[in-house]
Each structure stands twice: as C-alpha cells, then as structure tokens.
Amino acid sequence: MVRASGLLAGQNKPVALKSISVELSICEFVASVSATLNYENEENVPLEAFFVFPMDEDSAVYSFEALVDEKRIVAELQDKMKAHQKYEEALAQGYQAYLLEEDACSRDVFRCNVGNLQPGAKVALTLKYVQELPLEADGALRYVLPAVLNPRYHLAALPGDSSLDLKSPLAPLEQLPYTLRLRAALRSQHGVQRVQSNCALSPLAFPGGDKTCAQVSLEEGHKFDRDVELLVYYTEVHSPSVVVEMGDPEAQPDSLMGDAWAMVSFYPEIPEVEASRTCGEFVFLMDRSGSMQCPMGKENRSQTRIEAAKETLVLLLKSLPMGCYFNIYGFGASYEAFFPESVKYTQKTMEEAVERVKLMAADLGGTEILTPLQNVFRGCPIPGHPLQVFVFTDGEVAETFHVIKQVKFHSKRHRCFSFGIGEGASTSLIKNIARVSGGTAEFITGKDRMQAKALRSLERSLQSVVEDVSLSWDLPPGLSVSLTSPEQTAIFRGQRLIVYAQLSGVMPPTEATGEVCLKYTLQGKSFENKVTFLLQPKPDANLTLHRLAAKSLIQTKDLGFRETIGRSKMEVLRTSLESGVMSSFTAFVAINKELNEPVQGPMAHREMPRPVLFSSVSTASRAQCYSRALAATSSSLLHHRGRQSGVCAALTYQRSDVVRAPFLSQNAQSSGSKGGHKVRKETAMVLLIYLQNADGSWNLDGSLAQVLGLKLEDMQTSYPDEQVDGSDWATMLAVLWLHANCSDRKGEWHLLERKAVAWLHSHAGPGVPMLVKKGNAFLKCSVNPRLFR
C-alpha cells in the first residue's frame with residue numbers, strides 16, 4: 001500500500017502553517033541549522049495537532065523548544081517510553097505538552113505533537129541540528145533542506161506508533177498558506193567561491209571584505225514546494241584537516257561530553273592503479289514502482305525517472321568488463337529477474353539484457369525491495385567474482401530498518417551502491433544500505449545526470465581493494481585517543497574520509513601539536529597521508545563536534561526501535577541521553593507548567609487545506625503518479641513484449657537508416673534536419689554508447705555512420721591500411737569522436753573508452769598510433785595520441 005504523509009492534525013486534519021524560518025550556518029563542511037515553524041490556532045476551541053516532516057538521516061537533532069505566547073518551553077530528551085507517558089499524562093490533566101521523535105519505521109522522518117493548543121494561541125517550534133555535508137564529485141558541499149515527504153510503500157499494516165500511514169488533503173501551490181525564509185552564513189579558511197541552488201537566491205555577499213565569510217538567502221516569498229538544495233564551492237576542499245573542540249566544562253572528565261573531541265578529515269591520495277583482475281558479479285535492482293513514472297525535475301520536458309534509469313542501466317551494461325557476471329531485477333509490489341541466476345557477460349547476454357531493459361516500465365505497483373534483495377543474497381557465490389549490488393530507487397518504502405538489517409547481515413559477501421532518484425527519496429534507506437555494506441550512496445535530483453553518478457560508483461566497484469586501513473596518532477605525554485567512528489571497510493579514490501576521536505587526559509598548556517597518519521595498502525604497496533594540527537581546543541556552546549561524534553556512534557548501533565536489541569539498545573540509549581542527540585529510543589518532551597489553569601473541555605480537530613510538502617512537480621502530476629502506483633499490477637515480460645502501447649512503440653529500436661534512441665523522447669532525437677537523419681551531440685553520445693559491443697568495439701555500419709554524422713561510403717573508402725579491418729577503424733573513430741565532442745561528459749563514457757582502447761591494443765597492436773593519426777585527420781580533430789597509451 002502507498003500511504004501519504006505530511007503536515008497533519010489529529011484525525012488527519014491539516015494545520016495551518018504560517019511561516020518557516022531557517023538559520024543555516026556552514027563552517028567548512030559542517031552545517032548547523034535552527035529551524036522555526038510558526039503556527040496559529042485561529043479556532044475558538046483547543047486543538048491537538050501533530051506534523052510529520054522529513055530530515056536527512058545524518059542530522060543530529062539536539063534541541064527542541066516551543067515559544068507559546070512569549071513563554072519559552074525547553075524540551076528534555078528522555079527515554080521514548082517515559083516521554084510518551086509524560087506527554088499523555090499532561091494531556092489527561094489538560095496542560096499544554098510537546099513531543100518530538102523519530103518515526104518508528106524510518107530514521108529520516110520526524111513527528112512533532114502539539115497538545116492542547118489554546119484558542120488564539122500562537123506557537124513557534126524550534127528544532128536545532130548539526131550535520132556533516134557530503135562532498136560531490138565536482139568539489140561542491142551539498143546541503144539539502146527537505147520539503148518532500150513522499151508516500152511510503154509497505155507490505156502490511158504499520159505499527160500504531162508510526163506516522164507513515166497518515167493522510168491529508170492536498171492544496172494547490174498557489175494556495176500554500178506559508179512561505180519559507182532561509183538565511184545562510186558560510187565560512188571557510190580556504191575562501192567561499194560560489195553558491196548554486198535549485199531555488200532563486202539573493203546575490204552572494206562578502207561582509208568581511210575577504211572571501212572567508214559569505215552570506216546568501218532565499219528570495220522573499222519562496223514557496224516551500226520542493227527540497228531546497230545549496231551547493232557550496234570553496235577554493236579548496238581536498239586538504240586534510242583536524243579540528244579539536246573543548247568539552248563541556250559542566251560534564252564529568254573522561255566522559256563523552258566532558259573530554260575534548262577531534263574531527264579528522266582526510267581526502268586520501270589513492271593512486272590510480274590497474275583494476276583488479278577479479279571482475280565481480282554485478283546485480284542491478286531497478287525500481288519499477290508507479291512513482292518512477294514521475295518527472296526527474298519541475299521542467300515541462302523533464303525526463304521521467306524510469307527513462308533516466310533505463311538510459312543509465314544501458315550505459316552500465318555497456319561499461320561492464322568482459323568475463324564478469326551480471327543480472328537485472330525489476331521490482332515493485334513484485335519483482336522480475338532477467339535471468340534465473342547471474343550469467344556471464346558476453347555479447348549475446350548483453351544484447352538480450354539491453355533489449356529487455358527497453359521494455360521496462362514503471363508498472364509494478366509499490367516499492368517492495370526486501371524480497372528481491374533476499375533472493376539476490378540467497379544465490380550461490382561465484383568464486384573469484386565478489387558480489388556488487390546496485391540499487392536504483394526513489395526510496396518510497398516504509399520497512400526501512402528491515403531492509404538495512406538484511407543488507408548488513410550479508411555485508412561480508414557483498415557491497416551495495418545505492419541511488420536515490422528524485423526528491424523525497426529516503427535518506428535513511430539510501431545512505432544506510434551503502435554504509436553498512438561498505439559501498440557508496442548517491443542522490444539524483446532535478447537536472448542531475450544519473451549516468452555520471454552511476455558510472456562513478458561502477459568505477460569504484462572495479463577498483464582494487466584498499467586494505468589494512470588504520471590511523472596512528474602522535475600526541476604529547478598524558479594525552480590518549482580513542483576512536484568511536486565505525487571501522488572503515490573500504491576507501492575509494494575521490495572519496496572523503498571523516499573520523500571522530502575522543503581525546504582523554506590533560507591538554508598541554510602551551511601551543512603543542514599532534515599528528516595523525518592514515519595508512520593503507522594497495523596492491524601490496526603501503527601509502528600514508530599525514531596531517532599535523534594544533535592541540536588548542538576551541539569552545540563551542542553547541543558542542544557541534546561532540547554531537548556529530550555521538551550521532552556517528554549512534555548510527556553504528558541503532559537499527560530501529562524494534563530491530564535494535566540487547567547491549568546495542570542500551571549503548572544507543574546511553575549515548576543519546578548523555579549527548580542530547582535524538583535516537584530511535586529517545587524523544588524530546590516538554591510541558592507548559594506556567595499556565596495558571598489547565599485547558600478545559602475536549603480538544604477539537606478542524607480540517608484545513610494542507611500545503612503540498614512533497615510535490616516535486618505539479619499537484620495534479622504528482623497525484624497521477626501515485627494513483628498509477630496504486631493501480632498498477634505485476635505483468636509478465638511476455639505481456640510487455642506483446643503490448644503495442646505508445647510507450648513500447650517509442651522504445652522500439654531498429655538498426656535501419658534512421659537510428660532511434662531507445663529511451664529518448666522524439667523532441668530529444670530530432671536535430672531539426674529533414675528526415676531526422678542527424679542527431680544532436682548529446683543524443684548522439686547516447687546512441688553511440690548503445691551501439692558499442694560488449695568487448696568494447698564498434699561495428700562499421702550505417703548506424704554508426706549516422707550517429708557520427710558521416711557517410712558510410714566515406715568511412716569504408718578511408719581505411720588507413722589494408723591490414724586494418726572495419727571494427728578497428730570504427731572503434732578508433734568512435735573513441736576520437738567522443739573525445740572531440742563530449743569531453744564535458746567524460747565521466748559517463750570513461751569506462752567505455754577504457755574497454756575500447758584495451759580492445760584496440762589487443763586487436764590492432766602496434767597499429768594503434770597510426771590509427772590515431774589517420775582518424776584525427778579524417779574527423780578533422782586533434783585528440784592527443786597519449787590518451788591511447
């Protein structure tokens with residue numbers, strides 16, 4: 001079933017939200033956020049209201065308070081069961097009470113209860129959290145303020161303490177009763193370069209004169225109808241660093257909050273080496289739920305999620321190394337596997353898989369990912385081919401903790417690379433299935449190219465294994481260090497590594513220094529990255545590093561309210577209460593004790609239009625997407641093949657005089673020339689990739705000629721040597737064309753090129769330099785011959 005969530009009141013009645021105000025401070029790669037939501041009870045009876053909202057899984061929530069008619073009420077973090085009891089007792093006595101907690105089924109969904117809100121009363125609810133910011137491939141730090149809370153699919157009835165089954169009416173965008181105000185202060189010793197966003201921003205200002213501090217804000221009157229994404233670019237982000245934070249002077253020494261903490265950030269200089277000869281077993285799980293038919297972005301001609309995913313899947317198939325094994329699953333309310341078990345990667349199996357990918361549609365109903373994952377894990381391991389699982393989903397699943405637990409249980413025999421597609425993808429699901437298995441997670445929204453991010457993950461899966469990862473410390477006498485961050489099981493090129501360390505003992509009185517060294521081995525060679533730092537802890541009233549360290553520790557143990565048991569549960573509860581950071585076992589609760597007398601009479605519930613908190617497209621389009629999710633049922637592949645709908649007809653591919661992209665819309669294929677015999681470069685790149693053979697070569701035929709914008713007769717009569725066959729010449733021309741015309745998207749065809757160059761050297765041998773020279777002359781380009789070494 002698909003259940004909708006959002007800002008709600010008792011008995012599914014929406015609450016009028018007047019405004020949202022967010023103060024964001026980003027220092028280096030840590031975000032500190034204070035979010036205030038302002039409500040007003042315009043009724044003449046008391047209300048109990050509650051709202052449900054998304055938050056990034058990595059957020060460490062440490063403060064919650066209410067300002068009611070100028071009265072400030074600070075919540076206390078308690079054991080969740082005790083907090084619920086305290087809240088219910090307060091309501092029974094007629095007093096105002098407030099409760100903030102994580103949802104029982106997902107760590108990235110929060111719920112706040114506001115009980116006994118008096119007639120005419122105004123309430124401002126403020127929560128504070130800190131969060132590490134992920135580093136994108138282009139060096140941007142990515143902060144997202146989530147607005148989108150998609151319906152979550154689940155197999156059975158949710159437990160009574162989950163809020164994922166709540167429903168409320170939708171309101172058109174123009175009738176949203178609130179606006180969002182966001183102000184961001186940015187600070188980096190390396191200098192703030194620029195800020196990009198999916199929303200309109202004010203000009204970037206530098207109040208201090210230099211570029212180490214900057215300010216930016218959303219334009220006035222912004223409607224909170226989408227996730228707000230900020231991409232922050234510094235002059236330098238790859239330098240290793242260590243920040244030391246002073247402990248809480250009121251806390252006990254040698255305790256979590258009393259000791260100083262260090263946050264170590266490495267960007268390991270892992271050299272590029274020859275890929276491991278161990279190929280791997282690659283299993284791709286593709287979401288085919290109804291919501292995958294929604295557009296990727298808000299643009300009118302935006303590609304749908306399923307179209308982008310299919311195009312990406314073909315690219316991945318073309319990029320796989322010869323000799324590996326692979327399989328593809330499509331899943332929704334049910335699942336379908338392309339092959340009974342993983343098959344060896346050959347030209348035949350690749351072509352069969354590509355043809356079946358073309359027929360995939362978003363027609364399998366809900367998002368039930370657990371069963372196909374279990375089926376993958378039940379398969380027999382293939383000796384010499386470690387399992388690599390790639391999951392593509394919009395993440396709308398309620399049984400998040402069940403899925404994470406299953407992936408973690410099998411983490412010794414596989415790695416999982418996950419991709420959250422579109423706004424509202426569950427950060428708890430996407431990040432954790434990658435985290436517990438040693439893989440990586442990516443999020444694709446708006447105008448992001450899914451292909452580049454997917455290929456980056458595939459390249460990581462093909463990397464040689466980094467082994468013997470360790471940290472060594474050189475500290476003054478009397479100072480010791482203990483790590484609480486999870487053991488790092490894998491390090492990839494281009495990936496940042498963050499470690500938290502507790503520093504116990506007496507800090508030296510002078511400006512002493514310490515040193516930390518990251519060590520690892522790669523293909524038998526040892527490597528080291530060192531950084532020296534000052535041992536002068538900085539005070540921070542919010543204890544930011546302490547909260548982040550506690551969150552990191554909680555994440556390693558907390559697998560949900562029902563899934564975490566025994567010693568792990570006790571450790572999570574103790575860490576949460578000591579640090580003040582919320583977990584699955586704790587909740588913030590506050591009672592307004594300043595009222596002169598209890599609120600009298602029963603609380604009333606009024607239904608008001610609910611703002612569209614999870615719409616990444618128009619309300620009508622979104623509703624249509626999810627109605628499809630509910631109505632769609634499983635169909636066999638034979639049914640798909642026999643169906644002559646407009647979708648399937650558009651996916652039909654033939655090697656004829658006119659090459660058609662298997663997944664692109666008609667407007668994307670045509671270049672405006674008569675007969676459609678030419679294609680735009682961005683489309684030609686997709687078509688060229690589609691034509692590549694499994695071994696990396698291309699055939700010299702009319703389809704290739706058309707994509708390259710050439711005549712087949714000219715290509716055939718321009719053979720540089722009688723010893724060169726058509727495939728050698730075609731492959732060289734294809735690779736040169738990619739370099740000359742699509743260098744800005746090299747991340748999408750880098751692995752394809754690697755296969756092609758390896759094939760050329762094995763097939764043409766010493767004739768490769770001559771092919772490069774003749775190919776450059778024929779195509780009138782100047783690609784560097786060194787690229788073919």
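Among contacts in the protein between residues at least 6 apart in sequence, what share join residues at least 24 apart? The figure is 75%, with contact meaning heavy atoms within 4.5 Å. This is a predicted model, where local features need pLDDT of at least 70, side-chain atom pairs count only at pLDDT 80 or more, and totals for chains, interfaces and linings use all residues. Residues are numbered from 1 along each chain as its sequence is written, and side-chain values use heavy atoms, with hydrogens and water left out.

**The whole protein**
- You'll find 19 helices and 32 strands here; these are DSSP runs numbered from the N terminus (helices: H or I, at least four residues; strands: E, at least two).
- Of the 789 residues, 58% are buried, as in under 20% relative accessible area with a 1.4 Å probe, protein chains only.

**Helices α2 and α14**
- The axes of α2 (residues 305-319) and α14 (residues 681-691) come within 9 Å and cross at roughly 45°; axes are lines fitted to C-alpha atoms over the stretch in contact, and angles run from 0 to 180 degrees between N-to-C directions.
- From α2, Glu311, Val314, Leu315 and Lys318 meet Val686, Ile689, Tyr690 and Leu691 of α14.

**Around Ser188**
- Ser188 sits in the loop between β14 (179-187) and β15 (192-197).
- Ser188 counts as buried because its relative accessibility is 1%.
- Leaving out residues up to four places away in sequence, Ser188 touches Glu28, Thr212 and Tyr234.

Conventions
Buried < 20%, exposed > 50% of the residue type's maximum accessible area, 1.4 Å probe, protein only.
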